Each structure stands twice: as structure tokens, then as C-alpha cells.
Amino acid sequence: MAYDSVGAATLDASLNSLRRRGMFVTYGNASGPVPPLEPLRLSRGGSLFMTRPTLFDYVATPNELDASADALFAVIRSGAVKVEIGQTFPLDQVRQAHEALAGRTTVGSTLLIP
């Protein structure tokens, strides 16, 4: 499976990284949208699959949102996924927090603490 948030610039590398019947998930376009793709290209790559999911197709109702959140927090509680909190800021330092994020000096999650 290849998850690609970059788009046009990484399309070829993402598709080429897949094995037979692999799944290409494009969900961003930081370098521009993925250009039109011939279905035959997916066939030649080994019967590849491609999808462009959007959040609101998966959490269209409050029940779907609750179920999705419950599943996420269950995975976190199990320890399978670690949440890295790289830095915290007191709420009265919100400007500094935004500057750190914009300046790309943060690592992991950034929390504002009331």
C-alpha cells in the first residue's frame, strides 16, 4: 500500500513501489494534483488499485464519526500507535506556537495547554 500526500511529483515513485494488487491512496496534492491516469497503467503495474478518499465520505454521520474515533483511540490505547508530543505551549503563548509551526521548527504533535 502506498499513501501519497504529495501528488504529481511522487505519483510515479508511489505506483512503482507497489507489488501486484497493491493499493495506491492519493490524499493530497502538495506538488499539484495527480494528472489523469490511464486505467491500463494500473493493469500493467500488476492489477493495482487506486483511490482518492475524502474524510466526509467516511464520517458522514455522527455514528460513523463516533465509531471511527472509538477505533482510533482503541489502537492508541493498545500501544500499536505512539503519539509523539514534541512540544507544548501555554495558551497565552499561542502566537509563539503558530510561529513555531509556520517556521517548521516543531516535531510531532504540538499542544496548547489552557
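Is Arg 104 buried or exposed? With 76% relative accessibility, Arg 104 counts as exposed (buried means under 20% relative accessible area, exposed over 50%, and partly exposed in between, using a 1.4 Å probe and protein chains only).

## About the model

This is a predicted model, in which local features need pLDDT of at least 70 and side-chain atom pairs count only at pLDDT 80 or more, while totals for chains, interfaces and linings use all residues. Residues are numbered from 1 along each chain as its sequence is written, and side-chain values use heavy atoms, with hydrogens and water left out.

## Two arginines with positive phi

Arg 104 sits in the loop between helix H5 (94-102) and strand S5 (109-113); helices (H or I, at least four residues) and strands (E, at least two) are DSSP runs, numbered from the N terminus. Its phi is near 60°, a positive value in a residue other than glycine.

Arg 21 also deserves a look: this residue is not a glycine, yet has a positive phi of about 60°. Arg 21 belongs to the loop between helix H1 (11-16) and strand S2 (23-26), and is exposed at a relative accessible area of 53%.

## Salt bridges

Side chains of opposite charge can pair when their charged atoms come close. Searching the whole structure gives two salt bridges (a side-chain nitrogen of Lys or Arg within 4 Å of a carboxyl oxygen of Asp or Glu). In one, Arg 41 pairs with Asp 12, with 2.4 Å between the closest N and O atoms. Because Arg 41 lies in helix H2 (residues 39-44) and Asp 12 in helix H1, this pair ties together parts that are 29 residues apart in sequence. Arg 41 is partly exposed at 32%, and Asp 12 is partly exposed at 43%.

Glu 99 and Arg 95 form a salt bridge too, their closest N and O atoms being 3.0 Å apart. These residues are four apart in helix H5, so about one helical turn separates them. Glu 99 is partly exposed at 45% relative accessibility, whereas Arg 95 is exposed at 62%.

## Buried Gln 87

Now for strand S4 (residues 85-90), which holds Gln 87. At 17% relative accessibility, Gln 87 counts as buried. Setting aside neighbours within four places in sequence, Gln 87 is in contact (heavy atoms within 4.5 Å) with Thr 106, Val 107, Gly 108, Ser 109, Thr 110 and Leu 111. Its side chain also reaches the backbone oxygen of Val 107 at 3.2 Å.

Notes:
A polar contact is a pair of N or O atoms within 3.5 Å; within protein, one must be able to donate a hydrogen and the other to accept it, and residues adjacent in sequence count only if both atoms are side-chain atoms.
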